[in-house]
Every structure is written in structure tokens, then in C-alpha cells.
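Hi,

Here is the structure I promised to pass on to you. Have a look at it first, and then read my notes below with the model open next to them.

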Amino acid sequence: ILSLFPHKVISANILNEMYENFSMDTFNIYKVVFSEDDMVKPKDPRQPFELQDYYAHPEKYVPQFERYLPYLDVLVNGIYWEEKYPRLVRKEFLKNETVLKSNLTLKVIGDISCDIDGGVEICYKATKPDNPSFTYYALEDKYEDGIQRSGVTVMAVDNLPCEFSKEASPDFSKVLKPFINDMVSAFNNGLEELKLPAPIQRALI
């Protein structure tokens with residue numbers, strides 16, 4: 001949907017310096033895709049960021065993503081998260097007096113990952129398609145269902161595929177159909193001996 005609108009893609013490292021120009025551009029949406037090295041940095045400033053080292057030893061890294069939050073209107077969170085990894089959005093940050101006085105522009109978080117009290121700490125429940133959002137008020141540390149005029153609204157539907165249009169179902173079926181025979185045959189064996197098509201094997205947990 002975003003690609004249908006006038007938009008520009010920028011990198012995280014220029015988000016700060018570009019911020020003053022956003023208000024003058026009433027035509028474009030600005031999009032930033034954040035990577036892991038935008039979200040964390042090594043505790044030891046002498047050490048470079050290494051992706052696999054971060055996955056294996058997250059305790060050696062500290063969070064830094066919140067420095068970007070003052071420049072965002074909408075955040076879409078789709079990361080894999082476990083408790084050993086730092087959060088992207090913490091209640092402590094949103095409650096900070098300096099942040100509250102800074103007119104934080106963040107209005108909406110689309111929490112696709114929907115980890116309760118997880119990467120987005122204010123995601124306190126999964127929502128349903130008929131009531132997909134709630135709003136968090138940092139000052140009072142309280143929630144209210146729906147989209148409200150103030151606070152940060154969170155969309156946390158944990159089964160978004162059920163919202164796909166009916167046209168998507170035949171399209172997905174067409175893509176999946178060539179793999180069905182191999183998938184059915186593979187499961188005659190034990191888990192370690194599965195001989196699945198590579199795209200299916202890579203998707204298997």
C-alpha cells in the first residue's frame with residue numbers, strides 16, 4: 001500500500017538531519033527500514049557491530065533504537081524477539097519527562113510481531129480484527145481500546161493473515177500447489193530425515 005503513495009526511502013543515519021525538512025514536504029511519506037545495527041551497538045565502543053555475534057551474545061550489546069523514536073510518526077514492528085534481546089520501545093522511555101515534553105510525534109505502532117510485553121513493551125494484549133487497536137497513555141500508564149486523540153495507538157492483531165482478501169487465497173494456493181506432493185511424502189520419515197523442498201525446509205521451525 002505504501003508503494004502506491006508518493007514516498008521517499010531514506011537511511012536511518014540521516015533521519016536526524018532530515019527531520020527539519022519533513023515538515024516542509026507535504027507531498028511525500030518518508031520510509032526508513034531499520035537494521036540490527038540501528039537497533040543496538042556493542043557495549044565496548046572499540047568493537048565493531050557483528051550480526052551473528054549479536055544473535056549469539058546479545059548481552060554484549062546495548063539498545064540504541066529509541067534515539068530514532070522522536071522522528072517517527074508510525075512504527076511497524078516485524079522483528080523476531082526473545083527476552084534476551086533489548087526492547088525497541090520501552091515504557092520507561094515513553095514516560096520520561098523529557099520525552100513527554102518534547103511533543104513526541106509517534107502516533108501509531110503496527111506491532112506485527114505482537115509479542116506481549118516484548119519488543120514493544122506497551123503491547124499488553126493481542127487484538128482482534130473487529131477491535132484491532134488500543135491506545136497507551138504514558139503519563140497515566142493506562143490503556144484505552146480504540147484509536148484515541150492522544151497517546152500512542154497500537155495495532156496488535158496476532159493473526160493478520162486472516163485479514164487477507166479472498167483473492168489472496170487462490171494466489172497462495174497456486175504458489176503452494178507444486179510443493180504438496182513432496183511435502184506429503186516427506187512426512188513419512190522422522191523429523192531429522194525429512195527431504196522437503198528447500199523453500200519449505202527453510203521455513204520449518
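D141 and K95 meet through their side chains in a salt bridge, with 3.3 Å from N to O. (A salt bridge here is a side-chain nitrogen of Lys or Arg within 4 Å of a carboxyl oxygen of Asp or Glu.) This pair links distant parts of the chain: D141 sits in the loop between β7 (133–137) and β8 (142–145), K95 belongs to helix α4 (residues 91–95), and the two are 46 residues apart. Helices (H or I, at least four residues) and strands (E, at least two) are DSSP runs, numbered from the N terminus. Both partners are partly exposed, D141 with a relative accessible area of 34% and K95 with 35%. On that scale, buried means under 20% relative accessible area, exposed means over 50%, and partly exposed is in between (1.4 Å probe, protein chains only).

Before you go further, keep in mind that this is a predicted model: local features need pLDDT of at least 70, side-chain atom pairs count only at pLDDT 80 or more, and totals for chains, interfaces and linings use all residues. Residues are numbered from 1 along each chain as its sequence is written, and side-chain values use heavy atoms, with hydrogens and water left out.

Back to the charged pairs. Side chains of opposite charge can pair when their charged atoms come close. How many salt bridges does a search of the whole structure find? It finds seven.

Another of them joins the side chains of D145 and K125, at 2.9 Å from N to O.

If you leave aside the neighbours within four places in sequence, R90 is in contact with E66 and E121; contact means heavy atoms within 4.5 Å. The C-alpha atoms of R90 and D117 are 9.3 Å apart, although 27 residues separate them along the chain.

Next, the sheet. Strands of a sheet pair through backbone hydrogen bonds, either parallel or antiparallel. Here, an open sheet of five strands has mixed pairing and the order β5-β6-β9-β7-β8. Two strands pair if DSSP finds at least two bridges between them. Which strands are at the edges? They are β5 (74–77) and β8, each of which pairs on one side only.

In the sheet, β6 and strand β9 (residues 152–155) run parallel and are joined by three bridges. V108 stands opposite T153 in β9. With β7, β9 pairs in the antiparallel sense over four bridges, and there S133 has M155 of β9 as its bridge partner.

Now turn to helix α1 (residues 15–22), where L15, M18 and F22 are buried. They cover an arc of only 65° around the axis (the arc is that of the directions from the helix axis to the C-beta atoms), which puts them on the same side of α1. On the face turned away from that buried side, α1 carries the exposed residues E17 and E20. The cover over the buried residues of α1 includes β2 (29–31).

Finally, zoom out. The protein chain has eight helices and nine strands, and its C-alpha atoms fill a box of roughly 60 × 45 × 35 Å, taken along the principal axes. Of its 205 residues, 32% count as buried. Among contacts in the protein chain with a separation of 6 or more, 45% come from residues 24 or more positions apart.

Cheers
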